[in-house]
Amino acid sequence: MNRIETNINFIKNNINNACKKINRNPEEINLIAVTKTIDTEQMNAALKMGIKIIGENKVQEIMEKYDKIEYETQWHMIGHLQTNKVKYIIDKVDLIHSVDSIRLAKEIDKRAKKINKIIDILIQINVADEETKFGLSSNKIDNTIKEISDLGNIRVQGLMAMVPYVEDPEVVRPYFKKMKKIYDSLKNSSFQKVSMNYLSMGMTNDYMVAIEEGSNMIRIGTGIFGERDYNR
Ligand SMILES: *Cc1c(COP(=O)(O)O)cnc(C)c1O
């Protein structure tokens, strides 16, 4: 077995264990391979091992890699998205995790309309209210989602969060809990065209805790490909 295959098996095993704890079907957990800084050769290797979703955080990387992927895959934009770059990826991505303003949503809607696409998005929440992180502050969610849900070519499919990086993932469990609460309350709200199908939270360091608290979409980079080399 190669390293990527070993890593993916290890993660799948952990997903199974976390799901067992909470009586949840592991099939419901969407595993995203986060491929920032990772070359297309390694990406193809991961896809060959059964990965179905690729997550990138930069528009540039999606554009460079898009045509070099040999397998059928979904592309997810998981990083901060500038409005002036939406046009480059609107035809390429299946889900945008990082919508955190009405202005960005309007641009996505406009570009989607132009190519006759209904695009799925998640609303990014800055759940720990960190100054250094993007995302809507949790007390602005209702108004923003209401306005975004009026846009014709956007479908809100859930929420995304990044939590602070800490050594011990138990420390961030309360943030995952808080996200699940927001997710459930929106699920029970009556916003039109807003569905809560995906709760995207959990990275290499904390995905098991995230799953225990209700995540059904985890974004794993290091855990699959090893430490990233930003100087390549
Ligand atoms: C890099 C990144 C991840 C994955 O991080 P790892 O710790 O390597 O698993 C997940 N989500 C986003 C938004 C990222 O930018």
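**The ligand and its shell**

Modeller: The shell around the ligand divides into five nonpolar, four polar and three charged residues. Here Ala, Val, Leu, Ile, Met, Phe, Trp, Tyr, Cys and Pro count as nonpolar, Asp, Glu, Lys and Arg as charged, and the others, Gly among them, as polar. This is a predicted model, in which local features need pLDDT of at least 70 and side-chain atom pairs pLDDT 80 or more, while totals for chains, interfaces and linings use all residues. Residues are numbered from 1 along each chain, and side-chain values use heavy atoms, without hydrogens and water.

Colleague: Which residues are around the ligand?

Modeller: A residue is near a molecule if one of its heavy atoms lies within 4 Å of it. Those around this ligand include Val34, Lys36, Thr204, Arg219 and Arg228.

Colleague: What is the distance from a ligand oxygen atom to an N or O atom in the side chain of Lys36?

Modeller: A polar contact is a pair of N or O atoms within 3.5 Å. For Lys36 the distance is 2.6 Å, and for the side chain of Thr204 a ligand oxygen lies at 2.4 Å. A ligand nitrogen is 2.9 Å from a side-chain N or O atom of Arg219.

Colleague: How many helices and strands has the chain?

Modeller: Helices (H or I, at least four residues) and strands (E, at least two) are DSSP runs; the chain has nine helices and eight strands.

Key:
Polar contact = N/O pair within 3.5 Å; in protein donor to acceptor, adjacent residues only side chain to side chain.
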